Amino acid sequence: MMADSGPKDVAVIGNTELTSAELDNNIKNTMVEIEKGTSLLRKMEISVAEAEKRTGKNTVNMQEMYTVYLIETRPVDALTEGITPDSLWRRYSEFELLRNYLLVTYPFVVVAPLPEKRAEIVWHKLSADNMDPDFVERRRVGLENFLHRVASHPVLCNDNIFYIFLTEDKDWKEMVYETGFQAKADSRLKAVNAAFRVKNPDGRFTELKHYSDELQTVLSQLLRVRARVADRLYGVYKVHGNYGRVFSEWSAIEKEMGDGLQSAGHHMDAYAASVDDILEEEEHYADQLKEYLFYTDALRAVCRKHELTQFELEMVALDLACKKQQKEELVTGTVRTFSLKGMTSKLFGQETAEQREAKLQVLEQQLKEGEEAVKEKNTESDEFVKTAWVDIERFKDQKDRDLKEALISYAVMQISMCKKGIQVWTNAKECFNKM
Amino acid sequence: MSRTIDAVVSPTQTNTIPADISGHMLDLDEDDDLEVFSKDSTLADGNMFNASMPTSPGSMVNQCKFEEDEESDSKDIFITVDNPESHVTAIETFITYRVLTKTTRSEFDNSEYEVRRRYQDFLWLKGKLEDAHSTLIVHPLPEKFVVKGMVERFSGDFIETRRKALHKFLTRVADHPILSCSEDFKVFLSAQAWELTTYKKQGPGFLSRMGETVRAVANSVRGVKNRPEEFTAIQEYVEDFSNKIGSLDKVTQRIVKEQKEYLEELKEYGPTYTLWSGSEEELAEQLKGVAGCIERCCKETEEQVGHLSDTLVPVLHEYVLCAETLKAVLRRRDNIQAEFEAKNEALATKKVDRDAESSDLGFVWGSLLGKNPEEARHQRQERLDGEIEELKEEIDKLEDRVEWANNALKGDWGRWQRSMRGDLKSAFLSTAEKNVDYYEKCLAVWETFLLSQRTEPSEETDRDNTP
C-alpha cells in the first residue's frame with residue numbers, strides 16, 4: 001500500500017508577478033498534480049462551493065443558527081462538457097463526524113485536520129465571530145482543502161463512507177453510526193494509561209511525538225506573533241491616512257504648495273488603504289500554517305495508537321510470561337515467588353495430584369491461548385507500525401512540500417508589499433517636489 | 001501719510017545699523033551670487049542682493065529665497081552649536097553648548113569666536129531680538145521643558161534634539177538681514193561668559209520693562225479697531241496653519257509610535273522561524289532564510305524610524321512653535337496699532353475739550369478760587385494746546401512706529417513663508433525618499449531569498465523521482 005510516488009514535474013513558479021490568487025491556484029493544482037497518481041481526485045472534481053445560513057432545531061430542541069456548505073462533485077472529464085455538478089449541503093458537525101469515523105477506522109493514517117471550529121489566533125481586525133462572513137469564507141476554503149486531502153490520500157480515498165458523504169444526501173449519518181466505529185474508538189483514559197506505562201515503544205514514534213509537540217508549540221507561537229505583527233502593521237498604515245486628510249485641508253490655505261499637498265494626500269490615502277489587501281493575503285499564509293498546527297493532533301493520535309497497541313502487546317506478553325512461570329512452578333512444585341495460594345497450600349496442605357493435573361490442563365490451555373494472543377498482537381503491532389510509518393513518510397513529504405511553497409509565497413507577498421510601498425512613496429515624493 | 005524710511009532703525013533700538021545701502025545693490029547685479037538665486041522663479045523683480053546685507057524694510061518685500069546651502073558663497077557668517085557639557089554648581093546643574101562663529105563681517109573684530117552658552121542665554125537673546133523688532137518673525141527656540149513624556153532633562157536624545165534646534169535658531173538669526181545686525185546678537189556670539197553677564201545687566205531696567213508690559217496688556221485689552229485687511233488675512237492663515245501643523249505634528253508622532261511598536265513585534269517574529277528550524281530537517285535552511293530576512297527588515301525599519309524622528313518630527317515641531325510666534329507677532333503689531341489709535345482718540349478728545357464751551361467744573365472751581373474767568377479760560381486753552389501739541393508729536397512717532405512695524409512684518413512675512421515652504425518641502429521630500437529607500441532595501445532582501453529558493457526545485461524533482 002505504498003503511496004503512489006513521484007510528483008509530476010512541479011510546474012509552478014514562473015515569476016514573481018503572479019498574484020497571490022494565482023499562486024494559490026498554482027499550489028492547489030500542483031498538489032492535485034502530485035496526488036493524481038492516487039484515485040479519487042483524478043476521477044472526480046470536488047469543491048465546497050458555497051456557504052449558507054440556516055436556522056433549525058438543535059438536539060435540545062432549541063432554535064439555532066448554523067451554516068451549511070455546498071459540496072459539489074463532478075467527474076473530471078465532465079469539465080469539458082459543461083455538465084452541472086451533483087451537490088448536497090453539509091454542516092460542519094457532519095464533517096467532524098466524518099473525520100472521527102476516519103480517525104477510528106484508519107488509526108495508522110495521519111488524517112487531515114478540519115479548519116478551526118472557532119476563530120482563534122486572529123488579529124484584531126478579523127472578527128472571531130463564527131457568523132462573520134470572512135470567517136465563514138475562510139472556513140469554506142478550509143473544508144474544501146480537507147476534502148481534497150482525503151480524496152487524494154491513497155488509503156482514505158477508497159473509503160465508502162467518504163464517498164457517500166460526498167454524493168449522497170440522505171441517511172449518511174445513520175450509515176456512519178451503523179459502522180459501529182464509535183465502539184471501536186479507544187477510550188482516552190486507555191490511551192493515556194498506555195502512554196505512561198508502555199515500556200518499549202518504537203523509538204521513531206517517540207521521536208515523532210516530540211516533534212509534533214515541538215511543532216505545535218512553535219507554530220502556535222509563530223501564529224500569535226504574526227497576528228500581533230499584522231495588528232501593528234495595520235496601525236502604521238492606517239495612521240498615514242490622517243496625512244491624507246490634513247494635507248487636503250492644508251492645501252486649501254496654501255497657494256504655492258496647494259497642488260503638491262493635495263496630490264500627496266491622495267497617495268497617503270492609497271497607502272493607508274493598501275494594507276487591507278496585504279493582510280488578507282497574509283491570512284491565507286496563516287491558514288496554511290494553521291493546517292499544519294492542527295495536523296500535529298493527528299500525528300499524536302497515531303503515536304498514541306502505537307503506544308496502545310504496543311502496550312497491549314506487552315500486557316499480553318507479560319500475561320503469557322506469568323502463565324509460563326505458574327506452569328513451571330506447578331510442574332516443579334517449587335514456589336519461587338510469594339503467592340497467597342502458595343502460602344495457603346503450605347498452611348492447609350498440598351493439593352492432590354488430580355487437582356494439580358487439572359490445574360495444569362487449564363494452564364496449558366491458557367498458555368496456548370496466550371501464545372496465540374501474543375502472536376496476534378505482535379502481527380497487529382507490526383502491521384500497524386509498518387502502515388503507520390508509510391503514511392508518516394507520506395505526510396512528511398507532503399508537509400515539506402507544502403510548507404516550502406507556503407514560505408515562498410510568503411516571500412512573494414512581502415515583495416509585493418514592498419513594491420507597492422515603493423510606488424506610493426515615489427509618487428508622494430513627486431508630489432512633494434512640486435510643493 | 002506715507003513716509004520713506006531710509007534707515008532700518010526701530011524706534012526703540014539703540015544700536016546702529018548701516019544706513020540705506022541701495023547704492024550697493026546696483027553693484028550686485030553683476031555679482032556671481034546671481035547664479036545661486038537665479039533658479040528662484042518667485043522673484044517679484046530683479047532685485048537680488050547678498051543675504052547678509054541689511055536692507056530697508058521697503059525692499060524686504062522683494063527678497064529672494066534664502067537657501068540653507070552651507071556652501072553658498074553668499075553667507076559670510078557660519079555658526080555651529082556643539083559639544084554639550086554639563087556644569088555642576090552648588091545651586092544648580094546645567095548644560096552649556098559651544099557656539100563657534102566664523103565670519104568675515106566687518107562689525108566683528110575677529111573672524112572666529114568660540115564661546116559657551118547655556119539655554120538661558122539663548123532665551124535672553126531671543127527676548128532682546130523680539131523686544132527690538134517686535135514685528136519681525138524670530139525663529140522659535142526649543143521648548144524650555146518637555147511637557148509630555150518622561151524625557152530626562154539631561155538625556156542624550158533630549159540634549160541632541162535641543163542642540164540641533166539651538167543651532168537652527170542661530171542660523172536663522174544669522175540669515176536674517178535685519179536680526180543678524182543686532183548688537184545683542186553680536187555680543188551673544190563673541191562675548192566671554194562674564195562679559196555677557198555684565199552686558200545683560202545693561203539696558204532698560206525692570207521697572208521700565210514692567211511699564212511696557214502694562215501698556216501692552218492695556219492695548220491688547222482695548223483691541224485694535226481698524227486692522228488692515230492684509231493682516232486679518234495673515235491672521236486667518238496663521239490660525240489655519242497652526243491647526244494643520246499641529247495635526248501633522250501629532251500624526252507624525254503617532255506614526256513614529258506605531259512604527260516602534262511594529263518593530264518590537266517584528267523583533268520577536270524572526271526568532272520564531274529560527275526556533276522552528278531547529279525541529280525541521282528539510283525545511284531548516286529555508287526557515288533560517290526567512291528568519292534572516294525578517295531580521296534584516298528589522299534593521300531597516302529601525303533606521304527608517306530613526307530618520308523620521310530625526311528629520312520630520314523636529315521640523316514639524318519647530319513650525320508648531322513658529323505658529324505661536326506668528327500669533328504673538330500679529331498681536332504685537334495689533335498692540336502697536338492699538339496704542340496709536342488710543343492716542344489718536346485721546347487727541348480727538350482733547351481737541352473737543354479745548355473747543356468746548358468753558359462751562360466745565362474746572363472753570364467753576366477756578367472762579368470759586370477767585371480766578372479771573374478770562375484768564376482761567378486762557379490758561380486752560382494754553383494748557384490744552386500744549387498737551388495737544390505733545391500728543392501730536394507722540395502720535396507722529398507712533399504712526400511711524402505703526403508703519404515701520406507693518407512694513408517689517410509684511411517683508412518678513414514673505415520671507416517666512418518661503419522658509420516655511422522650503423523647510424517643510426525638504427523635510428517631507430526627505431521622508432518620502434527614505435521610505436522609498438526602506439522599501440527598496442526590504443525588497444532586495446526578500447528577492448535575494450526567493451532567488452536562493454528557486455534554484456533548488458530542480459534538485460528536488462530529481463530526488464523525488466527515485467522510489
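Me: How many salt bridges are there between chain A and chain B?
Reply: Residues are numbered from 1 along each chain as its sequence is written, while chains are lettered from A and ligands numbered from 1 in the order written. A salt bridge here is a side-chain nitrogen of Lys or Arg within 4 Å of a carboxyl oxygen of Asp or Glu. By that rule, the count between chain A and chain B is seven.

Me: Which residue of chain B forms a salt bridge with A:R232?
Reply: The N to O distance in this pair is 2.6 Å. The partner of A:R232 is B:E261.

Me: What area is buried between chain A and chain B?
Reply: Contact (heavy atoms within 4.5 Å) joins 61 residues of chain A to 57 residues of chain B. Buried area is the accessible area (1.4 Å probe) that two parts lose on being put together, summed over both. Carbon and sulfur atoms give 72% of the total, which is about 5800 Å².

Me: Which helix of chain A gives the largest share of the side that touches chain B?
Reply: Polar contacts are pairs of N or O atoms within 3.5 Å; within protein, one must be able to donate a hydrogen and the other to accept it, and residues adjacent in sequence count only if both atoms are side-chain atoms. There are 16 residue pairs in polar contact between chain A and chain B, both at pLDDT 80 or more. Helix 9 (203-251), helix 10 (258-332) and helix 12 (353-433) of chain A are the elements giving two or more residues to that side; helices (H or I, at least four residues) and strands (E, at least two) are DSSP runs, numbered from the N terminus. The largest share, 24 residues, comes from helix 9 of chain A.

Me: Which element of chain A has the lowest mean pLDDT?
Reply: Chain A averages a pLDDT of 83, with 82% of the residues scoring at least 70. Helix 9 of chain A has the highest mean, 95. Where pLDDT is low, the predicted coordinates should not be read in detail. The lowest mean, 50, belongs to helix 1 (residues 20-35) of chain A.

Me: How many residues apart are A:D213 and A:R300?
Reply: These two form a salt bridge, with the closest N and O atoms 2.9 Å apart. The pair links distant parts of the chain, helix 9 and helix 10 of chain A. A:R300 is buried at 12% relative accessible area, whereas A:D213 is partly exposed at 33% (buried is under 20%, exposed over 50%, partly exposed in between; 1.4 Å probe, protein chains only).

Me: How many residues apart are B:K410 and B:E230?
Reply: They form a salt bridge whose closest N and O atoms are 3.4 Å apart. It links helix 12 (residues 373-454) of chain B to helix 9 (residues 229-277) of chain B. The residue separation is 180.

Notes
Side-chain values use heavy atoms; hydrogens and water are left out. pLDDT is the predictor's confidence in each residue, from 0 to 100.
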